[in-house]
Amino acid sequence: MKRRIPILIVSITGFLLTVQYFCPHPYSEAFYNNALDWLVIIGIFAMPLGIYSMVRIQFQKVARQESGWGFAVISLISLFVMLGLGYTPKCLEAGSFFMKLFEFIYIPIQATMFSLLAFYIASAAYRAFRARNLLASIVLVSAILVMLGRVPIGMAIHPIFPEIADWIMNFPNMAAQRAINIGLGLGAASTAIKIVLGVERSYMGFE
Amino acid sequence: MCKTIRLLLGLVAGVVLCSLSAVCAMEPAVISMDYSVTPRILKSKPVAKVDDVSSDGIIAVKITWDPLDAEILPYIENILIYRSAISDDDFKLIGTLKAESTEYIDASDTEARIDPAAGPVRSNWVYYYKIGVLTREGFIFLFSAEDYIIPQPVWFDIEKIAPFIATLIFFILVIGFIQVARRRGADLYVRPIAGMNEIDNAIGRATEMGRPILYVLGLGSPEDIATIASYTILARVAKKTAEFRTDLIVPCNEPIVMTIAQETVRNAYLEAGHPDAYSDDMVFFVTSMQFAYVAAVNGLMLRERTATNCYFGKFYAESLLLSETGNIAGSIQVAGTDEVAQLPFFVTTCDYTLIGEELYAASAYLGRDPLLLGALKAQDYAKAITMVLIYLATIALSVNIAGITIFVKGLIDYL
């Protein structure tokens, strides 16, 4: 019973939402919007579970003085300071201490993480473009042509480079992407049908 | 008597003055009128038709009329659209269009109306429409629409007929192959997926090295198909780590995903016969913020020196940040995602990558459950049908068979 009722709820909801896609009636739209609202509400109710998990793990790290427990202390302090400041009046106004912490600490840290991507792309590209075999060589040549076509110097060398780059992106690249997307579409639809039929149950924590 | 006449004359004069001022206020542009235009406008009387074009939960009425004669267009300022919800009077202005316009859609989701009292169009109400031809001198010639209309909400969107048929065929295929699989058991051939086979080896390697395994479910929400597929692989990995007594670390980005992942790992440990080895500390929530999550997981990789990293689920810009760090740390990495843009990053940095639908096929491949294998087989046949349709579409486009082209294009768009 513990397993059957959730499967039944999922099957009925899944079937109704499938029908909803083809039914433009206001009732069906209202049902869909309601389902989305429920999703958001459930998500909000789950947040305390996440915070509890995070705080518990970090406290344990500090208590056991595991490797990197200093980071755990910083995480906890950051969490409680931001939580406390979030309850102060006018905290969301520009210039408030809460916003200053957000703008001058959080955003630069996030930008730093994101900027690492540029260096990682360079190192990953170096590995990918080594001409070890025929396929890798094709990738290397294609990549050089696309890069030349996308930068001003390519155009300066010869106006054909942008055209070659566009051709590679619009035909061989697009064909491969569409093939993957068709497979993904069918795979997603198949999984959805399996869920509606109750065959796929991994989303409930058991197979 | 004289007093009464003076009072009456005063009243009449007042009413006339008020009326004149009101008329002047309403139509200040009246200066002169080219009376030669009038018969030409009346001659080219635009016949308006109304149609119910409600769809996607929006009630909509389409008003169409014949175009005005080109020779009178220079004398016309605007076309005005009036609507009445009760009878032939009390018409309210709902739209102003250019003189060349020939249609107007009065939809329930249109926010800006010239006369706010008009309100949005509603289903099951009787509506009358009028077209007004406003001349440059400020005169308005009104023409009623041929008929009234009662817009009705639609129960089936006819434009989605192609996806509906495709869904129906696919549904029948899946059910059919599930029945076949039931009869034949697990005796259905499924193409080998190298990445899946390699997971067991990677777990074995981690056990030999005595280091933990990191499993990342991505940034997807619990309802994402990629995340759902990832739970199945997590169950398999957790079962193996339970058998080998290897440490498993599952940092999560979403509280609901964390809850389901905890349940999945707990059940896997129970099925492996080692429920005591499970701890909630294995699966934990880190943060919902993308790059903060990356920082935390990268830190984990480098501090714990994980032997194997598994990335299965929905990934965005963090894919390369995670997998390249794992690569630098020297971990064996297996990944799978349905985000096409992230696949090249995983292919470059990971030892094995499940491309696109292979991730969805994982549950059937790993579980060997006949029912799941049947669905996978149906998926393969649907792919074959799609290929045939693509060839058909190419031929139809080449020889211009309109009906087939529209149907097949709709189908491909849906897929």
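Student: What makes A:Leu8, A:Ile12, A:Phe15, A:Leu16, A:Val19 and A:Phe31 a nonpolar surface patch?
Tutor: Keep in mind that this is a predicted model. Nonpolar side chains are joined into a patch within 5 Å, provided each residue has over 30% relative accessible area. A:Leu8, A:Ile12, A:Phe15, A:Leu16, A:Val19 and A:Phe31 make such a patch, of about 540 Å².

Student: Which element gives the largest share of the nonpolar patch?
Tutor: Helix α1 of chain A, residues 4–22, contributes five residues. A:Leu16 lies in this helix.

Student: How do you know that B:Asp281 and A:Arg56 form a salt bridge?
Tutor: The closest N and O atoms of B:Asp281 and A:Arg56 are 2.7 Å apart. The cut-off is 4 Å, between a side-chain nitrogen of Lys or Arg and a carboxyl oxygen of Asp or Glu, so the label holds. Across the interface of chain B and chain A, the rule finds two salt bridges. The side of chain B that touches chain A has 42 nonpolar, 18 polar and 14 charged residues.

Student: How many residues does each chain bring to the contact, and what area is buried?
Tutor: Chain B brings 74 residues and chain A brings 64. Together they bury about 6,000 Å², and carbon and sulfur atoms give 71% of that area. On the chain B side, B:Trp155, B:Phe291 and B:Arg303 supply 10% of the area buried against chain A, more than any other three residues. There are also nine residue pairs in polar contact across the interface of chain B and chain A.

Student: Why is the pair B:Lys62 and B:Glu103 said to tie parts together?
Tutor: Their side chains meet in a salt bridge at 3.6 Å, N to O. B:Lys62 lies in strand β2 and B:Glu103 in strand β5 of chain B, so the pair links parts 41 residues apart in sequence. Over all chains, the search finds 16 salt bridges.

Student: What makes the phi of B:Asn124 worth a look?
Tutor: Most residues other than glycine have a negative phi. B:Asn124 is not a glycine, yet its phi is positive, about 65 degrees. B:Asn124 sits in the loop between β5 and β6 of chain B.

Student: And where is B:Arg245 found?
Tutor: B:Arg245 is in the loop between α5 and β9 of chain B. Its phi is near 60 degrees, again a positive value in a residue other than glycine.

Conventions
Residues numbered from 1 in each chain as written. Chains lettered and ligands numbered in written order. Predicted model: local features only at pLDDT ≥ 70, side-chain atom pairs only at ≥ 80, totals over all residues. Heavy atoms only, no water. Contact = heavy atoms within 4.5 Å. Buried area = accessible area lost by both parts, 1.4 Å probe. Polar contact = N/O pair within 3.5 Å; in protein donor to acceptor, adjacent residues only side chain to side chain. Nonpolar A, V, L, I, M, F, W, Y, C, P; charged D, E, K, R; others polar. Patch = residues over 30% accessible without salt bridge, like charges linked within 9 Å, V, L, I, M, F, W, Y side chains within 5 Å. Areas by Shrake-Rupley, 256 points an atom, 1.4 Å probe, with all protein chains shown as cover. Helix = DSSP H or I, 4+ residues; strand = E, 2+ residues; numbered from the N terminus.
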